[in-house]
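Open the model in your viewer and keep the selection panel at hand. The tour begins at the ligand and then turns to aromatic rings.

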Amino acid sequence: MAALSGNAQTGAAVKADAYGLGALEVVPRLWQAGCRDFFVAHWGEAEALADLIPTSSIAVLNGITEQDVAAAMELGAAPVLNTPHQIALWKAANGGRCHVMLDSGINRLGIGPEQLSSRLIEGLNIDILLTHLASADEDVPQNAKQLARFVAMSSDISAKRRSMANSAGIALGSDYHFDLTRPGLALYGGAAHSHLRSSISQVVQPQARILQIRDVAAGEGVGYNATYTAQKETTVATLAIGYADGYFRGFSNSGSVRIDGVECPVLGRVSMDLITVDISAVPSPAEGDWCDINFELGNASRSSGVSQYELLTGLSRRAERLWL
Ligand SMILES: *Cc1c(COP(=O)(O)O)cnc(C)c1O
């Protein structure tokens, strides 16, 4: 992502426990790779990182409320101020260094064009002036429109750095990079834009063990509600992974796993703790064997109907994380 970001610095979105991978493991590795700007959504997430990295390198995207201004200043992470009210709170508290989010057209979070004035911004010590793209994963006119609006909105504001691009935004080209990019998904193996596909490899590889192997006769149903019926005698393995681990029901009759290099389709419903797969083509399967669950995010998203983001953030804490 740093190479693709050209002359811009590269930050990292590590909110939602680094998209489910585990922020305590992810953040030190990104720090080692040279990342110095970390984005979380909540103050509790910033606090959890305080022993790992300087808090001044953490930005809290949701900003502040009256209740957390004092704790925010004490922690030393900088808020991303999103509303005139948040700006007023920060000024009144003499909060110091901060970031400001401008809404250039996503109409979700940030100061809109109609709210922006030099008086509003006056007196703030702004490090990063941010905006966020609504449709960076599509080649649509909205991207250029947001770019033009951000340039216009930010031109009179004095800030150390400007930042626009998330992962997909990086692929839109250098016009979108400004001083700092903010990838999230791409760091964790997601390709939100087709231009990024060749640059990104899979990061998360779920594995599960075979608990039982059985031969199912033609005409027999497999799993809850028998949503799969064996067309011929089929060797079925039951694996210890299910929707409670984050392997969602969308993979029912559509996901697949690899055992000894053989593709084995998921048969029937995904249960809470179990899936059933067709291992008829596997030469010598055995109870206790580990299987790779096919989880390349683009394909997994298409086959499950669940977004790449949700596939990652849905991985439950029950699944042990091993770092290789
Ligand atoms: C989550 C988030 C990002 C990262 O987005 P990806 O699409 O995961 O790269 C960047 N900026 C903001 C403001 C975000 O909320």
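**The ligand and its surroundings**

Select the ligand: it sits in the second largest pocket. A pocket here is an open set of points on a 1 Å grid over the protein atoms alone, with protein on both sides within 12 Å along at least five of seven lines; a molecule sits in it if more than half of its atoms lie within 2 Å of its grid points. This is a predicted model, in which local features need pLDDT of at least 70, side-chain atom pairs count only at pLDDT 80 or more, and totals for chains, interfaces and linings use all residues. Residues are numbered from 1 along each chain as its sequence is written, and side-chain values use heavy atoms, with hydrogens and water left out.

Next, show the 13 residues around the ligand, of which Lys-15, Tyr-19, Ser-167, Leu-185 and Tyr-309 come nearest (near: a heavy atom within 4 Å). The shell divides into 7 nonpolar, 4 polar and 2 charged residues.

Now pick out the polar contacts (N or O atoms within 3.5 Å). Gly-184 places a backbone N or O atom 2.8 Å from a ligand oxygen. Polar side-chain atoms of Arg-182 and His-132 lie by ligand nitrogen atoms, at 2.9 Å for Arg-182 and 3.4 Å for His-132. The protein covers 92% of the 380 Å² of accessible area that the ligand has on its own (Shrake-Rupley method, 1.4 Å probe).

**Aromatic pairs**

Switch to the rings: the structure holds 5 aromatic pairs (centres within 6.5 Å; planes under 30 degrees apart are stacked, over 60 edge-to-face, the rest tilted). Select Trp-31 and Phe-38: their ring centres are 6.4 Å apart and their planes at 15°, so they are stacked. Phe-38 is buried at 0% relative accessible area, while Trp-31, at 27%, is partly exposed (buried is under 20%, exposed over 50%, partly exposed in between). Finish at Phe-150 and Phe-178, an edge-to-face pair because the planes stand at 75°, with centres 5.1 Å apart.

Conventions
A polar contact is a pair of N or O atoms within 3.5 Å; within protein, one must be able to donate a hydrogen and the other to accept it, and residues adjacent in sequence count only if both atoms are side-chain atoms. On a 1 Å grid over the protein atoms alone, a cavity is a set of points where a 1.4 Å probe fits but cannot get out, and a pocket is an open set with protein on both sides within 12 Å along at least five of seven lines; lining residues have an atom within 4 Å of a point. Ala, Val, Leu, Ile, Met, Phe, Trp, Tyr, Cys and Pro count as nonpolar, Asp, Glu, Lys and Arg as charged, and the others, Gly among them, as polar. Rings of Phe, Tyr and Trp (its six-membered ring) pair if their centres lie within 6.5 Å; planes under 30 degrees apart count as stacked, over 60 as edge-to-face and the rest as tilted. Buried means under 20% relative accessible area, exposed over 50%, partly exposed in between (1.4 Å probe, protein chains only).
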